[in-house]
Amino acid sequence: MKNNSVRNVVAIGIGAALFFVLGRFVAIPSGIPNTNISLQYAILGMLAAMYGPVAGALIGFIGHTLIDLSWGGSPWWSWVIASTIVGALVGLVSRRLKISEGEFGKSQIILFNVANVVANAIAWIVVAPVLDILIYAEPANKVFAQGAMAAVANILTACIIGTLLLVAYSKTIAKRGSLDQE
């Protein structure tokens with residue numbers, strides 16, 4: 001059990017660092033103010049699927065907080081919370097995906113993608129805009145446009161790139177019973 005917790009802590013640290021680097025230095029402008037096409041959601045989806053909801057939530061929370069702090073201001077908590085929710089919700093399906101057993105076939109790919117669509121839709125179309133209005137008194141039309149753009153971009157990056165990363169990773173895992181004794 002200790003080995004598993006050390007592995008999860010390492011995954012959280014590496015995941016938060018990757019989330020930060022991709023979000024800070026590989027952000028692609030979307031045309032909507034303060035909203036980027038963010039490749040870090042592929043990493044968040046992949047690691048949440050591999051390590052579960054707690055790791056996913058912490059990667060999203062720490063990584064997003066670091067991005068916001070690196071711009072010289074304070075964290076934009078509504079979006080930090082949304083990233084946390086994405087990681088937690090995608091992580092909820094981790095046990096059913098069996099990635100650590102080298103399985104990531106059609107049904108697991110579908111489950112991973114459905115989890116990402118649902119998690120990102122909830123986080124960016126509902127949670128982030130509502131919290132922007134409640135916490136920061138932002139105009140509704142602005143924050144719902146930002147949320148819709150973030151949802152679409154994050155769903156696409158998580159589903160396309162995240163799926164490709166998990167397919168590649170799952171092929172590196174030896175399947176149970178695949179080694180014959182000589």
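Residues are numbered from 1 along each chain as its sequence is written. Because the model is predicted, local features need pLDDT of at least 70 and side-chain atom pairs count only at pLDDT 80 or more, while totals for chains, interfaces and linings use all residues; side-chain values use heavy atoms, with hydrogens and water left out.

**Helix pairs**

Helices here are DSSP runs (H or I, at least four residues), numbered from the N terminus. Axes are lines fitted to C-alpha atoms over the stretch in contact, and angles run from 0 to 180 degrees between N-to-C directions.

| Helix pair | Axis separation | Crossing angle |
|---|---|---|
| α2 and α7 | within 7 Å | roughly 50° |
| α2 and α3 | within 7 Å | roughly 155° |
| α3 and α4 | 7 Å | about 155° |

Start with α2 (residues 40-51) and α7 (residues 140-170). These two helices are oblique to each other. Angles under 35 degrees count as roughly parallel, over 145 as roughly antiparallel, 65 to 115 as roughly perpendicular and the rest as oblique. The crossing of α2 and α7 is right-handed, meaning that the near helix is turned clockwise from the far one by less than a right angle. On the α2 side, the contact (heavy atoms within 4.5 Å) uses Tyr41, Ala42, Ile43, Met46, Ala49 and Met50. On the α7 side it uses Asn154, Thr157, Ala158, Ile161, Gly162, Leu165, Leu166 and Tyr169. By class, the α2 and α7 contact has 11 nonpolar, 3 polar and no charged residues. Ala, Val, Leu, Ile, Met, Phe, Trp, Tyr, Cys and Pro count as nonpolar, Asp, Glu, Lys and Arg as charged, and the others, Gly among them, as polar.

Next comes α2 with α3 (residues 53-70). This pair is roughly antiparallel. The crossing of α2 and α3 is right-handed. From α2, the residues are Gln40, Tyr41, Leu44, Leu47, Ala48 and Tyr51. They meet Pro53, Ala55, Gly56, Ile59, Gly60, His64 and Ile67 of α3. The class count for this contact is 9 nonpolar, 4 polar and no charged residues. Tyr41 is listed in the contact with α7 and also in the contact with α3.

Helix α3 also packs against α4. Again the two helices are roughly antiparallel, and their crossing is right-handed. Helix α3 contributes Pro53, Gly56, Ala57, Gly60, Phe61, His64, Thr65 and Asp68. Helix α4 contributes Trp77, Trp79, Val80, Ser83, Thr84, Gly87, Ala88 and Gly91. Here the classes are 7 nonpolar, 8 polar and 1 charged.

**Helix α4**

Helix α4 (residues 77-91) has 15 residues. From first C-alpha to last it reaches 21 Å, close to the 21 Å expected; the expected span is 1.5 Å times one less than the number of residues. Its buried residues (under 20% relative accessible area, 1.4 Å probe, protein chains only) include Trp79, Val80, Ser83, Thr84, Gly87 and Gly91.

**Selected helix residues**

Asn120 lies in α6. With 0% relative accessibility, Asn120 is buried. Leaving aside neighbours within four places in sequence, Asn120 is in contact with Tyr41, Val86, Ile125, Ala151, Asn154, Ile155 and Ala158. Among them, Tyr41, Asn154 and Ala158 also belong to the contact of α2 with α7.

Ile135 and Ile12 are 123 residues apart in sequence, and their C-alpha atoms are 28 Å apart.

Ile62 belongs to α3. It is partly exposed, with a relative accessible area of 32%. Beyond neighbours within four places in sequence, Ile62 is in contact with Ile12 and Ala16. Its C-alpha is 8.7 Å from that of Phe19, 43 residues away along the chain.

**Loop positions with positive phi**

Most residues other than glycine have a negative phi. Lys98 has a positive phi, near 55°. Lys98 sits in the loop between α5 (94-97) and α6 (106-136). Its relative accessibility is 37%, so Lys98 is partly exposed.

Ala137 also has a positive phi, about 55°. Ala137 is in the loop between α6 and α7. At 64% relative accessibility, Ala137 counts as exposed.

Note on methods. Buried means under 20% relative accessible area, exposed over 50%, partly exposed in between (1.4 Å probe, protein chains only).
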